[in-house]
Amino acid sequence: MQTLPHRYRVKGAGRVTGDVELTAERLTVLQSASPAEFDGPGNRWSPETLLVGAVADCFILTFRAVAKASRLSWISLDCDVTGTLDREDRVTQFTRFDLTAHLVVTAAEDTDRARQALEKAERNCLISRSLKASIALDVTIEIAEPADLCVANTTLTV
């Protein structure tokens, strides 16, 4: 990792109507628009979906680092995130993020250790830590061999 602080620069360009074009050095161009809930077309990434996607992306990347550091053997991690946008104290803001994580581990792994790694990833995800909305993590851990699901389903609210 490079020495902190890190700076990330994104340029946005838009006109009176149409998509907003987001560009960053060495990255592909991303088109965004308002979501359908705000009278947008609903078929583009929006600031809202980008934020929810950043939570999912950061959680998975943080889990990778946690698993590597703890020598946890795993096969796949799927993360489904729902961000709730609501009005609190007359301010429209994200009030909650619900993360549903489905982790597949090898038969040799301890599901308690895997759950601890998922919870540590949630606690250390820099994107969700930077938000004031509450985070709820629901975890399912599956053992690859045998293919039976391990009954390891918990909810953690931070």
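**View 1. The largest pocket holds about 1,200 Å³ of space.** This is a predicted model, in which local features need pLDDT of at least 70, side-chain atom pairs count only at pLDDT 80 or more, and totals for chains, interfaces and linings use all residues. Residues are numbered from 1 along each chain as its sequence is written, and side-chain values use heavy atoms, without hydrogens and water. The pocket is lined by 24 residues; Arg7, Tyr8, Arg9, Val10 and Leu27 are the closest to its centre. On a 1 Å grid over the protein atoms alone, a pocket is an open set of points where a 1.4 Å probe fits, with protein on both sides within 12 Å along at least five of seven lines; lining residues have an atom within 4 Å of a point. Grid points are joined across faces, edges and corners, and a volume is the space filled by probe spheres set on the points.

**View 2. Helix 1 gives the largest share of this lining, six residues.** At least two lining residues come from each of strand 2 (20–23), helix 1 (47–69) and helix 3 (126–129). Helices (H or I, at least four residues) and strands (E, at least two) are DSSP runs, numbered from the N terminus. By class, the lining of the largest pocket has 14 nonpolar, four polar and six charged residues. Ala, Val, Leu, Ile, Met, Phe, Trp, Tyr, Cys and Pro count as nonpolar, Asp, Glu, Lys and Arg as charged, and the others, Gly among them, as polar.

**View 3. The second largest pocket has a volume of about 200 Å³.** Its lining includes Pro35, Phe38, Val52, Leu85 and Phe94. Glu37 and Glu48 also line this pocket. Helix 1 and strand 4 (74–88) each give two or more residues. Helix 1 gives the most, with three. Five lining residues are nonpolar, three polar and two charged.

**View 4. Cys79 is in no disulfide.** The nearest cysteine sulfur, that of Cys125, is 8.9 Å away. A disulfide is a pair of cysteine sulfur atoms within 2.5 Å. By this rule the count is zero. Cys79 counts as buried because its relative accessibility is 18%. Cys58 is buried too, at 11%. Buried means under 20% relative accessible area, exposed over 50%, partly exposed in between (1.4 Å probe, protein chains only).

**View 5. Strand 7 (residues 149–157) has the lowest mean pLDDT among the elements, 51.** Helix 1 has the highest, 98. Over residues 147–151 the pLDDT is below 50. pLDDT is the predictor's confidence in each residue, from 0 to 100. Where it is low, the predicted coordinates should not be read in detail.

Technical notes: Contact = heavy atoms within 4.5 Å.
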